[in-house]
Amino acid sequence: MSQETRLALAKDLVKALEDDNETKADEILDEIAGLRESQLFQEIGKLTRQLHDTLGSFEIDAKVAKLTENDIPDAKDRLQYVMTMTEEAADKTLTAVERLLPVSEQLTQQTEELALQWGRFLDKELPYEEFRVMSKQITQHFMHAQKGLSQIQSGLNEILMAQGFQDLTGQIIRRVIDLVQDLELSMVDLIRLSGGKSKGKPAGTETVDEKLPGPAVPGVDDKKGDVAHSQDDVDDLLSSLGF
Amino acid sequence: MKILVVDDFSTMRRIVKNLLRDLGFTNTVEADDGKTALPILEKGGIDFLVTDWNMPGMTGIDLLKAVRANPDLANLPVLMVTAEAKREQIIMAAQAGVNGYVIKPFTAATLKEKIEKIFERIDG
């Protein structure tokens, strides 16, 4: 309310009182009171919003604090575990390949040599002595081939199983993405509250069911000691309960 | 013997499918979620269910419960293959009627053993 308005109202009030115009005087008094009230309401409104913002900012601070203290270190451990798992899987695969390549090469070579001899035999160019040698070599070759192929088979199975890491690391990474998104949303809120401009809430990525713990990362998820670490643990637990 | 393999990660479905083939089970079908698996089961013809737990649409435990609640499917042998390794979850699955529980990472030998055990119990 401006000084002029106040002065004008005051002058009107005095005049109304001098004129003994009670109604007019009351009207003016109501108007003055009304103005004071609305000013008061405005002040209260401003204070309330400030309080709300401050509380909101504390809440977000608390949330960011929690993320920083627990979830982010956890997330780092989880990603470290993912690195370890992928390295182990690559290692197992390469080891199997390195073991199998010489086996395959040797079998290929033997087969080629024998094929050559057999070709000469079919062309009637193989002397009998050499035929006898080839015959022995063929017997040996069958033995080698069986052994080699069995090695290759088991090696391929090892490589197959080694790919299982992708499922587990995928689940772990999903959870870390979730956490990062959480952090991102909190940051956006913080920025918004502190009066800065932000691009608004990012689109949601697929979220993980919060109730499911997922793959247990050693040192992160097994602190309470209620995680089965091996198939034997699982089997023991089930049989102890009669299943 | 027709087997349904359910897991939201296709790599895992492929691994299990190959292991089953190695054990002589060549008739396998796949589903990527409990939600897509249930209609396949309800249509009939599946003799064995291998399922993950953690799936976005319908979880393995809910799929198991739905199977056990359906009179046509109640006796279907179910093997759970999952990364969920907390004691209370293992117990929950057992109480819901799962026939076997294998945790990831698993070996081919373990999978073979658990499948054979389930079939023994059925035949026995």
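Helix axes here are lines fitted to C-alpha atoms over the stretch in contact, and the angle between two of them runs from 0 to 180 degrees between N-to-C directions. With that in hand, take H1(A) and H2(A) in this predicted model: their axes come within 8 Å and cross at roughly 155 degrees. Since angles over 145 degrees count as roughly antiparallel, that crossing makes H1(A) roughly antiparallel to H2(A). As for handedness, the H1(A)–H2(A) crossing is left-handed.

On the H1(A) side, the residues that meet H2(A) are A:Leu9, A:Asp12, A:Leu13, A:Ala16 and A:Leu17. Their partners in H2(A) are A:Lys24, A:Ala25, A:Ile28, A:Leu29, A:Glu31 and A:Ile32. Sorted by class, this contact has eight nonpolar and three charged residues, with no polar ones.

## Positive phi in the loops of chain A

Some background on backbone angles: most residues other than glycine have a negative phi, and most peptide bonds are trans. Chain A has a couple of residues worth a look on that score. A:Asp20 sits in the loop between H1 (3-18) and H2 (22-122) of chain A, and its phi is near 60 degrees, a positive value in a residue other than glycine. Is A:Asp20 buried or exposed? A:Asp20 is exposed, with 8 other C-beta atoms within 10 Å.

A:Lys124 turns up in the loop between H2 and H3 (128-162) of chain A. A:Lys124 isn't a glycine either, yet its phi is positive, about 60 degrees. A:Lys124 is exposed too, this time with 6 other C-beta atoms within 10 Å.

A:Val176 belongs to helix H4 (residues 165-193) of chain A. A count of 18 other C-beta atoms within 10 Å makes A:Val176 partly exposed, because a residue needs 20 or more to be buried and 12 or fewer to be exposed.

Which residues does A:Val176 touch, leaving aside its neighbours within four places in sequence? The contacts are A:Ala75, A:Arg78 and A:Leu79. A:Gln137 is another story: A:Val176 and A:Gln137 are 39 residues apart along the chain, and their C-alpha atoms are separated by 59 Å.

## H5 of chain A

Next up is helix H5 of chain A, residues 231-240, where A:Gln231, A:Val234 and A:Asp235 are buried. Looking down the axis of H5(A), these buried residues fall within an arc of 95 degrees, so they line one face of the helix. An α-helix has 3.6 residues a turn, so residues three or four places apart point the same way.

The other side of H5(A) has A:Asp232, A:Asp236 and A:Ser240 exposed. After the helix comes A:Gly242, with a positive phi near 90 degrees.

## H2 of chain B and what it packs against

Over in chain B, helix H2 (residues 34-43) has B:Gly34, B:Ala37, B:Leu38 and B:Leu41 buried. Down the axis of H2(B), the buried residues fall within an arc of 105 degrees, so here again they line one face of the helix. B:Pro39 and B:Lys43 are exposed on the other side of H2(B), and the helix is followed by B:Gly44, whose phi is positive, near 95 degrees. What do the buried residues of H2(B) pack against? The list is strands E1 (3-6), E2 (28-31) and E3 (48-51), plus helix H3 (60-69), of chain B.

The pairing with H3(B) can be described in more detail. The axes of H2(B) and H3(B) come within 10 Å and cross at roughly 20 degrees, which makes H2(B) roughly parallel to H3(B). This crossing is right-handed. B:Gly34, B:Ala37, B:Leu38 and B:Leu41 of H2(B) meet B:Gly60, B:Asp62, B:Leu63, B:Ala66 and B:Val67 of H3(B). By class, the residues of that contact divide into six nonpolar, two polar and one charged.

## Where the chains meet

The contact between the chains takes 26 residues from chain A and 24 residues from chain B. On chain B, helices H1 (10-22), H4 (87-95) and H5 (108-123) and strand E5 (100-103) each supply at least two residues of the side that touches chain A. That side of chain B splits into 15 nonpolar, five polar and four charged residues.

The loop between E5 and H5 of chain B holds B:Pro105. A cis peptide bond joins B:Lys104 to B:Pro105, with omega about 0 degrees.

Conventions:
Residues numbered from 1 in each chain as written. Chains lettered and ligands numbered in written order. Predicted model: local features only at pLDDT ≥ 70, side-chain atom pairs only at ≥ 80, totals over all residues. Helix = DSSP H or I, 4+ residues; strand = E, 2+ residues; numbered from the N terminus. Arc of directions from axis to C-beta. Contact = placed C-beta atoms within 7 Å. Nonpolar A, V, L, I, M, F, W, Y, C, P; charged D, E, K, R; others polar. Parallel < 35°, antiparallel > 145°, perpendicular 65-115°, else oblique. Left-handed = near helix turned anticlockwise from the far one by under 90°.
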